[in-house]
Structures are given as structure tokens and as C-alpha cells.
Amino acid sequence: MIEGYTGFLYYDKNGKPLVALHCERYFRNAVNRYNEIYRVQMPAITPHVCRHTYCSNMARAGMNPKTLQYLMGHSDISVTMNTYTHLGLEDAENELRRLSEINSARVELDRLNGTDFSIESNVKFG
């Protein structure tokens, strides 16, 4: 217990809670060592960059946006979806591909079961 608080995830070598400044120093040292060795340079990494990466990865993995908003601690869903999630064209293409695969699997299951509830069979054109 430190000043009435408990449940810290990490402690420093003196038994004090590990804070963002500690992490920034560790990241900076790791990036500097990497950049001394390799030609392709790594950009600066901060705990906040990790926060954005976490949010984007969870959104990309299909986490419910309201759950993600809660986990990020945002009072407004637009902050979660418009500021913290960094998705692009490749993500949209992957999502469309995934939906197409799901529909193809549904069509195949319907065919095997002798039913036809596929999207294509229920859409009438002209």
C-alpha cells in the first residue's frame, strides 16, 4: 500500500509504483540501443503511443466499440473511434473480405442442408 492505494501493476527498484516517466525512459533507452545497431531507425515510443496501438489493435480484432470505450476510459465514443483507433483502407478491405467469406460459408452450409437463405437468393433486382 502506497499512500492508501494498492493494486499497482509494476514497481520500480525502490518499491514505488512504476509511472509513465519510468516507461518513457525504458522505451527511450531501448530505441536508442536499437538505433545504434540498425540502419532502419525506430521512431520514439511512449506509453501514449502504446495506448493508441492497443486501441487500434482491439478495434481491428473486432472488439465491441462500447467495450473498448469503457476500457480506454473515454466518456465519449467519438474519442475512442476517431482519435485513438487508426484504421485505414487495408482494414476496410480485410473487413469486406471477412464478410464475403462468412457469406460464402453460409451459402455452402445452406446448400449442404438443402436450404437457401443466402443473401444472393433473397435479393431481387429489376
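Visitor: Let's start with Cys 23: buried, partly exposed or exposed?
Guide: Keep in mind that this is a predicted model. Cys 23 comes out partly exposed, with a relative accessible area of 24%.

Visitor: And how far is its sulfur from the closest cysteine sulfur?
Guide: The closest one belongs to Cys 50, and the two sulfurs are 8.2 Å apart, which is too far for a bond. A disulfide would need the pair within 2.5 Å, so Cys 50 is in no disulfide either.

Visitor: How many disulfides does that leave?
Guide: The count is 0.

Visitor: What about the exposure of Cys 50?
Guide: Cys 50 is partly exposed, at 33% relative accessible area.

Visitor: Switching topic: which residues make the nonpolar surface patch?
Guide: Tyr 54, Tyr 70 and Leu 71 make it, and it covers about 360 Å².

Visitor: Where does Tyr 70 sit?
Guide: Tyr 70 is in helix H3, which runs over residues 65-72. Its relative accessible area is 68%, so Tyr 70 counts as exposed.

Visitor: OK, now Phe 8. Where is that found?
Guide: Phe 8 lies in the segment before helix H1, the helix spanning 20-37. Phe 8 is partly exposed, with 29% relative accessible area.

Visitor: What is Phe 8 in contact with, leaving aside neighbours within four places in sequence?
Guide: With those set aside, Phe 8 is in contact with Ile 2 and Pro 17.

Visitor: And how far is Phe 8 from Val 107?
Guide: Their C-alpha atoms are separated by 50 Å, and the two residues are 99 apart along the chain.

Notes:
Residues numbered from 1 in each chain as written. Predicted model: local features only at pLDDT ≥ 70, side-chain atom pairs only at ≥ 80, totals over all residues. Heavy atoms only, no water. Patch = residues over 30% accessible without salt bridge, like charges linked within 9 Å, V, L, I, M, F, W, Y side chains within 5 Å. Areas by Shrake-Rupley, 256 points an atom, 1.4 Å probe, with all protein chains shown as cover. Salt bridge = Lys/Arg side-chain N within 4 Å of Asp/Glu carboxyl O. Helix = DSSP H or I, 4+ residues; strand = E, 2+ residues; numbered from the N terminus. Buried < 20%, exposed > 50% of the residue type's maximum accessible area, 1.4 Å probe, protein only. Contact = heavy atoms within 4.5 Å.
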